Every structure is written in structure tokens, then in C-alpha cells.
Amino acid sequence: MEIIKISQSELKVTMTSEDMQRYDLDCDTLGDDPEESRKALKCILREAKAEKGFSAAGERLLVRVFPSRDGGCEMFVTKLGAVFSVVANTGSALGISFFC
């Protein structure tokens with residue numbers, strides 16, 4: 001897994017198919033089970049904080065996931081501000097977006 005801190009508010013995570021298996025993620029079903037998706041995202045964000053100093057604590061996030069041909073994905077995490085409890089799952093032709 002490669003983590004790139006684009007800015008103080010945006011992170012890019014490139015995951016291989018092995019990384020996807022490690023976090024039990026599948027681009028086709030990501031967001032179907034919000035709790036499982038949240039658990040995986042929290043683990044990824046813990047690594048991002050440890051490696052790059054990217055802290056999302058207390059933040060509302062936009063997560064965009066774009067599948068790659070090799071079974072991995074590119075994930076972009078953007079801080080949007082203060083936390084609220086609504087979770088929305090919307091699919092798009094380019095990838096999957098959901099709010100945390």
C-alpha cells in the first residue's frame with residue numbers, strides 16, 4: 001500500500017489486490033456494509049497517521065475509490081470539516097464515493 005499526503009486535507013492511497021484482501025475490501029461491494037467499510041477505513045487512516053501525519057480525527061470525510069485493473073484500487077480521502085452521522089453511498093461510472 002502506498003500512501004501519499006497530497007495536502008493537509010487530502011490523501012491518496014494506492015492499494016494492491018493483496019492490500020484489498022488484507023483489509024477485506026472489494027470495490028464491487030464497498031459501502032454495502034457501512035460498518036465493515038468504516039472499520040477498514042479506520043485501519044487505513046491509522047496507518048496514514050503513523051506514516052504521514054494525516055489525522056482525520058473529528059473530521060467528516062469524502063472517500064472516493066477507483067478500482068484498478070489488477071484488483072487493487074486508488075482511494076482519495078478528503079477532509080470536509082466537522083463530523084456528522086449521515087452515511088450515504090453513491091456509485092458512479094468512475095468509482096465509488098461515500099461519506100463517513
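In this predicted model, Phe 76 counts as buried, because its relative accessibility of 17% falls under the 20% limit. Phe 66, with a relative accessible area of 25%, is by contrast partly exposed. These two residues meet in an aromatic pair, and the count of such pairs comes to one.

**Aromatic rings**
- The ring centres of Phe 66 and Phe 76 lie 6.0 Å apart and their planes stand at 75°, so the pair is edge-to-face, an angle over 60 degrees being what that class requires.
- The pair joins distant parts of the chain, since Phe 66 belongs to strand 3 (residues 59-67) and Phe 76 to strand 4 (residues 73-82), with the two residues ten apart.
- Another ring, that of Phe 54, has the charged end of Lys 79 sitting over it, at 4.7 Å from the ring centre.

**Cysteines**
- Zero disulfides are found in a search of the whole structure.
- Cys 27 is buried, with a relative accessible area of 10%, whereas Cys 43 is partly exposed at 28%.

**Second largest pocket**
- The second largest pocket holds about 180 Å³ of space, and its lining is made up of 13 residues, with Tyr 23, Asp 24, Leu 25, Glu 36 and Ser 37 lying nearest its centre.
- Sorted by class, the lining of this pocket comprises six charged, four nonpolar and three polar residues.

Technical notes
Residues numbered from 1 in each chain as written. Predicted model: local features only at pLDDT ≥ 70, side-chain atom pairs only at ≥ 80, totals over all residues. Heavy atoms only, no water. Phe/Tyr/Trp six-rings, centres within 6.5 Å; stacked < 30°, edge-to-face > 60°. Helix = DSSP H or I, 4+ residues; strand = E, 2+ residues; numbered from the N terminus. Buried < 20%, exposed > 50% of the residue type's maximum accessible area, 1.4 Å probe, protein only. Lys NZ or Arg CZ within 6 Å of the ring centre and 35° of its normal. 1 Å grid on protein atoms, 1.4 Å probe; cavity = no way out; pocket = protein on both sides within 12 Å on 5 of 7 lines; lining within 4 Å. Points joined across faces, edges and corners; volume = space filled by probe spheres on them. Nonpolar A, V, L, I, M, F, W, Y, C, P; charged D, E, K, R; others polar. Disulfide = S-S within 2.5 Å.
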